[in-house]
Structure formats: structure tokens, C-alpha cells
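Reader: Could you take me through this structure? I would like the overall picture and then some details.

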Amino acid sequence: MSCHKNVYITTPIYYVNDIAHIGHAYTTIIADTIARYSRMSGLDTFFLTGTDEHGQKIEESAKARGKSSQAYADEISATFRNLWDDFHITYDKFIRTTDEDHKKGVQKAFNTMYENGDIYKDVYKGHYCISCETFFPKSQLVDDEFCPECGKSTVIVEEESYFFKLSKYQDKLLEWYNNNPECILPKSKRNEVIRFVEGGLEDLSITRTSFDWGVKLPENLNDPKHVMYVWLDALMNYVTALGYGTDEKNMHYWPARVHLIGKDILRFHAIYWPAFLMSLGLPLPKHIAAHGWWTRDGEKMSKSKGNVVNPREVADAYGLDNFRYFLLREVPFGGDGDFSQKALIDRINSDLGNDLGNLLNRLIGMSDKYFEGKIDSTHVAKYYQTELNEVESYLDRLEPLLFEMQIHRYLEELWRPLAVANKSIDKYQPWTLIKEGKEEEVMALNGLIAGILAKVATMLYPVMPEICTKIAEALHFEINTENWQKLIKDKKLLETFTIEKIPPLFPRIEELLLAQPQTVVQKTEEKPVKKEEKKNVEKKEEGIALIGIDQFFQTSLKVGTVVAAEEVPKSAKLLLLQVDLGEEHPRQIVAGIKEWYSAQDMLGTQVCVVANLKPAKLMGYTSEGMLLAAKDENGLCMIRPEKPKKSGTSIG
Ligand code: MSP
């Protein structure tokens, strides 16, 4: 890594036909992490993201909403940019393919390829998938009609087209893959690409005449009915963003250190893109790194199922840094990952709360109790050289893991020094040492732990910038290149300081609260609500967070009849109800309504039930739903159907 002074990192540019989901956030957060590390280690870094705005799919989405393509693209592009801004993504440029200088750069590239004899005009006939913006040979179609990628129906397109001589680059591409074993990461993906290219490459149709939402051909070709194929237009963003074809002032960042992408768009990046670059006479990227696919609770996400994970909602509820950590820690890069609340909560409570947060709390406690908060590292090596050596040997291995995209391993390894620190406290028992009058040894132990925390916070900063800044504040140092050099490269410890008593960084999260963020039960149970979560609930109550109709219909609301009711023993607030929802068995629902309704009041009445909540346990009883109720300063009342309705009738 250190031999490359400039580091250029890119994400795919996202289509503007939908708002951002967890997959987009994942790629962008990985790229942000690498960019932050790269900057912290003193490298001149350029991080690019943006939106892909042309093509038939977007033209059609805009039309369906009665908007011009440009107005529609403006609107959706802004939602991406706003999300990344709210997520503190440190991009250096946000490119839009509708930017004038991008379009000029693409035209310049087209001309250059044309002049180099790599573009010719012919007629194209083939099956085209509008949704994937890709032609497929008949042999690849499912049942001779459907797209092998997305399953949608393809259309037959026959039109005059310009072609790029992709076939000419077959051998050169194979040579590149063979001479650069790390050009495609993870390495297993490289073999897939090699096999595909060895199977033979056909020339690529790179213009369209059937619609016009795209970059026009250069004027000198005098062929105004053609627009460029959206993938040619899109891939070129990686160089036009640096000024290719216009103001080339940032072209010194080229070639990219890494193009981060999802596995579904590997072919475009690993075959078309290097071939275009070869034709343009530009150097090839160092790495193309393809990550896997996210599912939710084991299922593929889709708009029709309504189970798409919205990154903003997750970050609002659980904390942005926690979400970043989860995404990067949970799956090996390149593998598929599953998002579930449980997995996320486990990571927060265990890795972050127990291993990291508690260590800081312990240090605050010990230094406060024994030394009024003072921490002096002078004698650490005298007593704890073995621990120091162990910690340094772990830290030495980290950097390459990050740049090889083994980010889950990076985090796994980064937790080893924390384990050393936690174990040292148990092993040396400072509370005993102090009784024996060994103050210097205890102070050195505190110095060791503070040093480990400072080093870990520095290396974790690219993943969890906000949290690590707080840790650094508590330890009175700043995370910057100079201190990275001191703590990580020169293996130094912290100067003497007085620790800041900060509140716990990872208050424990209970699954119940998150599964049912706004239930009556939650409010009457009076469990501590996380700060971010409270904010989120308040926001929603003020009506700021708008949801779409799809989100509303994710909730299954039903009319139910209370067929049995009793009090939950030893609880001042809870009733235990059996509610008939027209299913085989009544549902058991634990409701926090006893202050306002007795079991007798509820028996035989009709209620409105949220029927698709994850079951939760309350005082040992499983609750399989939630009742709708309204509460103001005068108390709580149930929401019920105005006239009797059959049990199980849907509401909506
Ligand atoms: N516009 C093209 C990229 C052009 S780059 C020159 C595009 N856009 S996209 O918005 O459809 O997808 C962007 C990225 O999101 C891709 O890397 C894709 O792999 C990723 N993901 C889409 N769904 C995903 C998951 N469910 N999980 C993880 N990533 C996913 O393709």
C-alpha cells in the first residue's frame, strides 16, 4: 500500500430509479472506511461516489411518474446525496452522469476509441433486458424469453448500432488477469471472470436509437439519433470524475486503487471496463473488489415483498457507527450476508458493549478510584512487556487486511488487543495489587489499558468515526496522522493525562424494544429507551419521518376478539389476553393496559391487533401481537372497530 502515494477509491454510481437500500449503504460504507484509513495514514486520497442517471429504465420510471427524466433524476440523485451527507460519508466528489463535463468526457472517449479503430457501425438484433440494461444471447435466456439475471421478460431489439471491438481485447484481458493475481478480489471471483472470457467475447453494442435519455454521440460523427449505451456512459464516470476529456487536473489519481462493486456488476467492471481503458491507452485499475449480496432474515429483499432494509431507519434506531460496524464485521468480503435485528443487537451488546465499551468503563472506574483519574504510562514496559509485544504483533498485521478487502478479518484481529487488555485486568487483579501497596504496578496496568484502547480506537476510527472520536476525547488525544504514526507505527503509548468520565458508549439494547419500537407495552414497561431510538420515536410522533404506502402495508392489522383475559401475576401493568384472529388458535397478547382496563373489561370485546410483529417475551409470557390504543394526558383507550366485524378481518 505505502508504495502508492495517491489512493483513488470508487463506489458504483447508483441508478436513480429507486432510493438507497442496505446494499448501496454497504458498498459506500466500505469505501468510506478505506478512504478514511488512507487519509489517516497520510496518503493523498480521492473518494468518488455518485449517481447513474441515463438509460431506458430511468426514462420509463420518470414517465410512469409523469416527470421529465431530468427532474426525476434530480430528485432521486438528491436523496442519495442527502443520505451520504447524513451518514457523514467523506466522498471527495459526487458525480452525476447528467453533469456536462461528464458527458463531454464520455464523448471524448468515444472519439478516441473510434479514432483507434475500435468502434464500427452495424445492425444489432438481440434480446434486451430493460431492467438490467443488458443484451443477452438467446442461449442465456430462460425459456427463450426471460432475463437470466432478473427473470423479467426481454424485448427483441433490432437497430442500427455502433459496436466496440471487445473481441479484439480477449487475449490482452486474459494476460492482465494472469499477470495480476489481485486485480479482482476476492480471488475466487477472478477465476469466474477468466472462464467467461476464455469462452469467447463478442463485440459490444454501445449505442441505442430506440430512446434518447442518454449521452449523444460526439457531434463530428453527425449521427444524432444515437445515444450511448448506459454502461459505457456509466463506467466512464471513474475517469471523467477526475476531469478526463475536460479539465484533467485530477487525472494524477488514476488508476484507481480500488473499484468497489457488488458481485452482480462484476462482468461490466472486469471485462468491459479494462477493455475500454486499453482502447483509450489508460492504465488499468489495481483492484476491482466485488462484495456479496445482503438478504433480510434469510430472504431475498424485494420491493414487492416489502422487506427491503432501509439504511436510514436502521442507523436512526441503532446508531450509525453500530450499523457500520455490523455491516463490516458480519460477513467475509465477497460472501453474502444476512441482516437481522438479532444479529445486529448481538454485535452491539457483545463485541461493542462487552469487549470495547466495558473496557473503557473499567479503566475510567479504576483510574478514578485509585488515582483521581490520572493515567501515567511511564512504567508499562517494566511490568507488562509481554502484553505489549502481543498487542503490537496483532496491530502489525492489520493494514494489509484492510487493503485486501478482508475487513471482517481486520475487525476480528483488532479485537485481539482488547482481549489482551480485558484478560490483563482479570489476571493481575488491580484491586489486590492496590491492597498490597503496589501502586506503580496498578498505574502501569492502567497505562497499558489506556494505550491499548487508544491504539484500537485509532485503527477502528475508519469504521466507527464518531464513537472512536469519543474514546479519544476520553483519553485526551486526537485521532490524526501524527498520532496514528506515534501509536501504531512507532508503537508509542499515551502521554500522562487525566481521563474524562464519559457515559457508557453502548447502552445495552433489548430486542423487545426494537421489535416493537412504539408499543403501549414498551411505554408502560418503563425500560430505558436508547437515545437514538427516542429521537426516532419523537421524530415520528412529530410527523417528520414520512413513510411510503408500501411501508404501511408491511404492517398486518386485524380485528380480533378477546376470548380470555387475566392479570399477569406480580405485574401492575400487564394483562394476559387470548385474542381470536380467525386463526386455528387464539393469539396470546401481553398488553400494558391494566391501569385503564381490567381483565373483565376486556373479555369479549373487539380490538385492533398488529398481527405480524415478531413475538416478544414480557415477564416470562410470549406476546404474539400488539393492541392499538391511544393515550393522552387523560389516560388510554382502545381503538376498536365501530361495528362488530368477523375475527381476523384485515384493517387497511
Ligand atoms: N448503475 C449501476 C452501476 C454502474 S457503476 C459504473 C448499478 N446500480 S445499482 O444501483 O443497481 O446497484 C448499485 C450497487 O448496489 C451494485 O454494486 C449492486 O451490487 C449493489 N446491490 C444491489 N442490491 C444489493 C443487495 N441486496 N446486497 C448488496 N448489494 C446490492 O448497478
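Predicted model: local features only at pLDDT ≥ 70, side-chain atom pairs only at ≥ 80, totals over all residues.

Reader: How many helices and strands does the protein chain have?

Author: The protein chain has 24 helices and 27 strands. Helices (H or I, at least four residues) and strands (E, at least two) are DSSP runs, numbered from the N terminus. The C-alpha trace spans about 80 × 80 × 40 Å along its principal axes.

Reader: And what share of the residues is buried?

Author: Of the 652 residues in the protein chain, 54% are buried. Buried means under 20% relative accessible area, exposed over 50%, and partly exposed in between, with a 1.4 Å probe and protein chains only. Among contacts (heavy atoms within 4.5 Å) with a separation of 6 or more, 73% are between residues 24 or more positions apart.

Reader: Which domains are assigned?

Author: The assignment gives domain 1 (338-498) and domain 2 (551-651). Such bounds come from an automatic or database domain assignment. The C-alpha centres of domain 1 and domain 2 lie 48 Å apart.

Reader: Let us turn to the ligand. Which residues are closest to the ligand?

Author: The closest are Ile13, Asp52, Gly262, Asp264 and Trp294, and 23 residues surround the ligand. A residue is counted if one of its heavy atoms lies within 4 Å of the molecule.

Reader: What is the distance from the ligand to the side chain of histidine 21?

Author: An N or O atom in the histidine 21 side chain is 3.4 Å from a nitrogen atom of the ligand. For histidine 24, a side-chain N or O atom is 3.2 Å from an oxygen atom of the ligand. Tryptophan 294 uses its backbone: an N or O atom there lies 2.8 Å from a nitrogen atom of the ligand. A polar contact is a pair of N or O atoms within 3.5 Å; within protein, one must be able to donate a hydrogen and the other to accept it, and residues adjacent in sequence count only if both atoms are side-chain atoms.

Reader: Where does H13 bend?

Author: H13 bends by about 60 degrees at threonine 386. The bend is the angle between axes fitted to the seven residues ending there and the seven starting there.

Reader: Which helices do the buried residues of H13 pack against?

Author: They pack against H14 (398-403), H15 (407-428), H16 (430-435), H17 (439-460) and H19 (481-489). The buried residues of H13 include Tyr384, Leu388, Val391 and Leu395.

Reader: Is methionine 405 buried or exposed?

Author: Methionine 405 counts as buried because its relative accessible area is 2%. This residue lies in the loop between H14 and H15, and has a positive phi of about 70 degrees although it is not a glycine.

Reader: What about threonine 112; which residues does it touch?

Author: Leaving out residues up to four places away in sequence, threonine 112 touches Tyr244 and Leu280. Threonine 112 sits in helix H4 (residues 100-115), and its side chain reaches the backbone oxygen of lysine 108 at 2.8 Å. Threonine 112 is buried because its relative accessibility is 17%.

Reader: And where is serine 41 found?

Author: Serine 41 is in the loop between helix H1 (22-40) and strand S2 (44-52). The side chain of serine 41 reaches the backbone oxygen of serine 38 at 3.1 Å. Not counting residues up to four places away in sequence, serine 41 touches Thr481 and Trp484.

Reader: Finally, which residue is joined to proline 186 by a cis peptide bond?

Author: Leucine 185 is, with omega near -10 degrees. A cis peptide bond also joins tryptophan 254 and proline 255, where omega is about 5 degrees.

Terms used: Residues numbered from 1 in each chain as written. Heavy atoms only, no water.
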